[in-house]
Amino acid sequence: MLNQEDLFKKIISHAKEYGFVFPSSEIYDGLSAVYDYGQLGSELKNNIKNYWWKAMVQYHTNIVGLDSAIFMHPTTWKASGHVDAFNDPMIDNKDSKKRYRADVLVEDYMAKIEAKIDKEVAKAEKRFGDSFDKEQFVSTNPRVTGYKEKISAIGARLYKSMEENDLADIKALIEELEIACPISGSRNWTDVRQFNLMFSTQMGSLSDDANTIYLRPETAQGIFVNYLNVQKTGRMKIPFGIAQIGKAFRNEIVARQFIFRMREFEQMEMQFFVRPGTEMEWYEYWKETRVNWHKSLGIPEENYRLHNHEKLAHYANAAADIEFKFPFGFKELEGIHSRTDFDLSAHEKYSGKKLRYFDPEINESYVPYVVETSIGVDRMFLSVLSYAYTEEKLDDGSERVVMNIPPVIAPVKVAVLPLLKKDGLPEKGREIFDALKVDYMCQYDEKDAIGRRYRRQDAIGTPYCVTIDHQTLEDNTVTIRERDTMKQDRVPVDQVASIIAERIRPQL
RNA sequence: GCGGGAGUAGCUCAUCCGGUAGAGCGACAGCCUUCCAAGCUGUAGGUGGCGGGUUCGAGUCCCGUCUCCCGCUCCA
């Protein structure tokens with residue numbers, strides 16, 4: 001069998017060969033970590049988005065949609081914490097070639113001094129026994145106070161430089177402290193460089209620092225800043241949700257693994273606003289609901305894994321990932337986060353606008369808590385491709401490559417194939433095609449032997465092939481061939497559309 | 001960013017020690033075929049990643065550069 005690395009390469013080249021995913025700007029040698037979706041890819045992607053939108057917005061009467069702009073007021077990103085959290089000063093050791101966060105290096109150094117203090121305390125404790133007064137010792141022992149002063153001096157300088165974006169001083173600090181690389185032991189450092197994970201651009205035609213704005217690194221903030229607009233105009237009562245599908249942008253330091261980690265990607269997010277204190281119930285509800293959504297596509301359960309986070313992001317009090325078994329291992333596909341009131345409170349503070357909700361049931365007003373579900377469209381797309389790509393050996397010894405894409409999201413639903421390119425079969429085929437194309441994405445193909453045409457459709461994941469033969473001309477019946485089993489049923493032409501509708505109905 | 005590998009037709013690859021690029025598959029047109037790839041005929045498609053050097057002559061040798069892949073580093 002294929003090893004996983006080869007499998008992944010096959011999937012990538014299959015995706016390109018059949019028009020699912022192309023490298024961006026390929027004629028100019030491509031653009032790193034950016035990809036374009038081709039004729040089939042754009043269909044599949046739209047179908048995935050539709051399937052999600054239906055499950056979230058259409059099937060939940062208390063969830064509504066939103067399409068907020070990618071450009072947002074710069075203060076948004078101060079409030080959300082991205083300006084600080086997405087700005088890391090990095091430094092490389094030239095000998096070990098290892099890269100570190102410069103502030104972490106300094107903080108580790110401070111921690112070492114802290115450890116020395118603890119050591120002094122432990123020693124003294126042993127020496128003085130029961131009469132030991134830790135408070136007094138720590139505040140009077142000259143060695144300990146010396147350490148403490150050193151820590152606070154280093155800290156003050158580090159955080160001041162961080163605040164002022166003084167990268168040269170951070171490097172100077174590392175050199176003065178004679179911090180060495182833990183791997184190489186050398187102090188041969190590069191300059192400190194800023195890795196800004198947000199893309200910035202200029203608003204307005206005059207370039208001027210004051211006009212710098214960011215391309216959003218997540219869609220969630222567009223929902224938060226519109227929370228009040230939607231709540232009021234939609235007469236929404238808590239608990240309620242706002243869903244959004246849209247592009248987001250992150251300057252990944254290393255972006256690889258095909259469309260798994262791209263600089264420009266698309267998210268499907270839903271922020272669910274709840275009464276404080278009820279967030280854990282909703283968090284559990286959404287974990288289960290989202291897992292069920294994945295299962296509803298018919299991809300076997302063993303491909304998914306729920307991973308509860310131990311360490312949490314600054315905005316969350318609980319978090320879990322739905323992971324998918326990609327060819328390169330189990331990786332995050334979707335996140336469910338209990339974000340508390342972090343975001344809305346931050347926006348209240350920065351905007352000065354009240355973002356509260358008056359809850360008539362308990363006669364109180366509060367800033368709602370938020371439970372977020374956030375899934376990457378591109379990752380979902382890749383999970384579908386990864387699962388679907390199958391090389392089969394058939395009973396007759398031949399082989400076929402088939403994409404077992406869940407029919408409900410398959411890019412092409414039906415192929416119409418006249419058995420022969422004569423005797424009026426193509427004409428009849430065209431007629432059937434024209435009738436079906438109103439309801440479904442269809443392909444018509446009369447070139448080459450029928451078996452080859454079936455294989456072509458298998459390769460792009462078309463779940464159903466309708467074949468016209470001589471009997472069709474006599475009694476108006478056709479065969480429907482099913483992709484996965486290759487079995488055929490003969491059915492009346494005028495029932496084809498409804499039969500397919502029944503088979504691809506979402507199981508939500 | 002560092003280390004390693006690779007760039008020749010849409011895809012997979014060939015072209016011996018430098019002598020003006022070839023096959024299979026695919027695509028397209030047609031023939032043949034009444035149900036599961038690989039029957040026949042024909043056609044199109046290559047400034048050999050890009051730039052420079054050596055040479056009478058470079059896909060082939062040398063230098064530079066770009067891109068991709070693998071590993072390391074980093075991340076919501």
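## Helix α15

Buried means under 20% relative accessible area, exposed over 50%, and partly exposed in between (1.4 Å probe, protein chains only). In the predicted model above, local features need pLDDT of at least 70 and side-chain atom pairs pLDDT 80 or more, while totals for chains, interfaces and linings use all residues. Residues are numbered from 1 along each chain as its sequence is written, and side-chain values use heavy atoms, without hydrogens and water.

Helix α15 covers residues 450-460. Helices are DSSP runs (H or I, at least four residues), numbered from the N terminus. Buried in α15 are Arg453, Tyr454, Gln457, Asp458, Ala459 and Ile460.

## Cysteines

The whole structure has 0 disulfides (cysteine sulfur pairs within 2.5 Å). Cys442 is in none; its nearest cysteine sulfur is that of Cys465, 11 Å away. That is too far for a bond. Cys442 is buried at 13% relative accessibility. Cys465 is buried too, at 0%.

## Helices α7 and α8

Helix α7 (residues 142-164) packs against helix α8 (residues 167-176) at about 155 degrees, with axes 9 Å apart. Axes are lines fitted to C-alpha atoms over the stretch in contact, and angles run from 0 to 180 degrees between N-to-C directions. The pair is therefore roughly antiparallel (angle over 145 degrees).

Ile154, Arg157, Leu158, Ser161 and Met162 in α7 meet Asp169, Ile170, Ala172, Leu173 and Glu176 in α8 (contact is heavy atoms within 4.5 Å). By class, the contact has 6 nonpolar, 1 polar and 3 charged residues. Ala, Val, Leu, Ile, Met, Phe, Trp, Tyr, Cys and Pro count as nonpolar, Asp, Glu, Lys and Arg as charged, and the others, Gly among them, as polar.

Notes. Chains are lettered from A and ligands numbered from 1 in the order in which they are written. Helices (H or I, at least four residues) and strands (E, at least two) are DSSP runs, numbered from the N terminus. Angles under 35 degrees count as roughly parallel, over 145 as roughly antiparallel, 65 to 115 as roughly perpendicular and the rest as oblique.
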